[in-house]
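Visitor: I'm new to this one. Could you walk me through it and tell me how you know what you say?

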Amino acid sequence: MPGVETVQGPVDARELGCTLVHEHVRFRDEAVAAEWPERYDEQAELDAALEAVGAAKERGVQTIVDPTAMFGGRDVRFMRRVAERSGVRIVACTGIYSYDYLPHYFANRDVDAMAEHFVADIEGGIQGTDVKAAFLKCAADAAGVTENVEKIHRAVARASVQTGTPIMAHSMPAMATGPRQVEIFREEGVDMARVQIAHCGDSDDVGYIEGLIDTGVYVGLDRYGLEMFLPIDRRNATAAELLRRGHAERLMVSQDFCATIDWFPPEAAGAFEASGAIRNWSMTLVFDEVVPALREQGVMDDAAFETIFVENPARWLTA
Ligand SMILES: [Zn+2]
């Protein structure tokens, strides 16, 4: 099998093993962090990342795919520290995580110029290191597929076509962004077997999700624990139905957990837990609660587990 780039260098795809395909070892705004570094405790961030990744490792996780891109504070040196200290591989990306905003830098440059930046991360290395991006990231959310979002999608698509690198697209089912995102990728000639539409599991509209699967893409049931978007029971019912319909080979199951995130003041986490907006959000929830529930329902056996947590991530990353 072909190699996959990780923050510690390329590995054979067969070595990836049990993989969480969507987790963040740290999520923060790089501009705020650069301007007010004293507001951040790097040691505490590292400790939190190691605790989260270590717990996943105890459940058998060998690789974490971390889709932290521009505006999420992507930092491959930090990722490499976490990988080295934890013994869990981390797979990094390139791309822009924006729901609409673009800096003047990219607003005044065209799609191909943007794509060149992504290609440089894939072929040359990220942030002055030899760590190469293994996949591309873009996003569409509540604002829908705006002009700027479309520009990022087209740049990601062109970099994918040029380099054969897979794509992960954050989507918002409530806005039905998925079909339009797929359409843009198709217009640009992207191989649909290399596309993952993330966060489809925020919806329990099986028809909507199946419509995306029918285009050949992977779908992410990847926000377990974020009850604010959909509670775990409804997420599991969706997963069970998709498994019953024979879609195991197209499902990506993860938590979108952020070991630390600067979007809210520290006290917010407790309030979210108390209000039920999040529940047991972690890098282990899918192993502690989701897999057992799906096994109990008779829709997940060892083969389906292997398909979802081992084979699908490896196939998406390598085609
Ligand atoms: Zn994410």
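Visitor: What makes the spacing of the zinc ion's donor residues H-x1-H-x231-D?

Guide: This is a predicted model, and in it the zinc ion is held by His22 (NE2), His24 (NE2) and Asp256 (OD). Read along the sequence, those donors give the pattern H-x1-H-x231-D. Histidine 24 and aspartate 256 are 232 residues apart, so the pair links distant parts of the chain. Histidine 24 sits in the loop between strand S3 and helix H1, and aspartate 256 in the loop between strand S11 and helix H10.

Visitor: How do you know that these atoms count as donors of the zinc ion?

Guide: A donor N, O or S atom has to lie within 2.8 Å of the metal. Here they are at 2.1 to 2.2 Å, so they qualify. Water is not among the atoms, so the site may look incomplete.

Visitor: Are histidine 24 and aspartate 256 buried or exposed?

Guide: Both are buried, which means under 20% relative accessible area for each.

Visitor: Why are S6 and S11 called edge strands?

Guide: The open sheet has six strands in the order S6-S7-S8-S9-S10-S11, with parallel pairing. Strands S6 and S11 each pair on one side only, so they are the edges. On average, neighbouring strands in this sheet are turned by 25° against each other, direction ignored.

Visitor: How do you know that S7 and S8 pair?

Guide: Pairing takes at least two bridges. Four bridges join S7 to S8, so they pair, and they run parallel. Lysine 137 stands opposite methionine 168 in S8.

Visitor: Which helix lies across S7 and S8?

Guide: That's helix H6, residues 147-163, running at about 165° to S7.

Methods:
Residues are numbered from 1 along each chain as its sequence is written. This is a predicted model: local features need pLDDT of at least 70, side-chain atom pairs count only at pLDDT 80 or more; totals for chains, interfaces and linings use all residues. Side-chain values use heavy atoms; hydrogens and water are left out. Donors are N, O and S atoms within 2.8 Å of the metal (3.2 Å for Na, K and Ca); water is not among the atoms, so sites may look incomplete. Helices (H or I, at least four residues) and strands (E, at least two) are DSSP runs, numbered from the N terminus. Buried means under 20% relative accessible area, exposed over 50%, partly exposed in between (1.4 Å probe, protein chains only). Axes are lines fitted to C-alpha atoms, for helices over the stretch in contact, and angles run from 0 to 180 degrees between N-to-C directions. Contact means heavy atoms within 4.5 Å.
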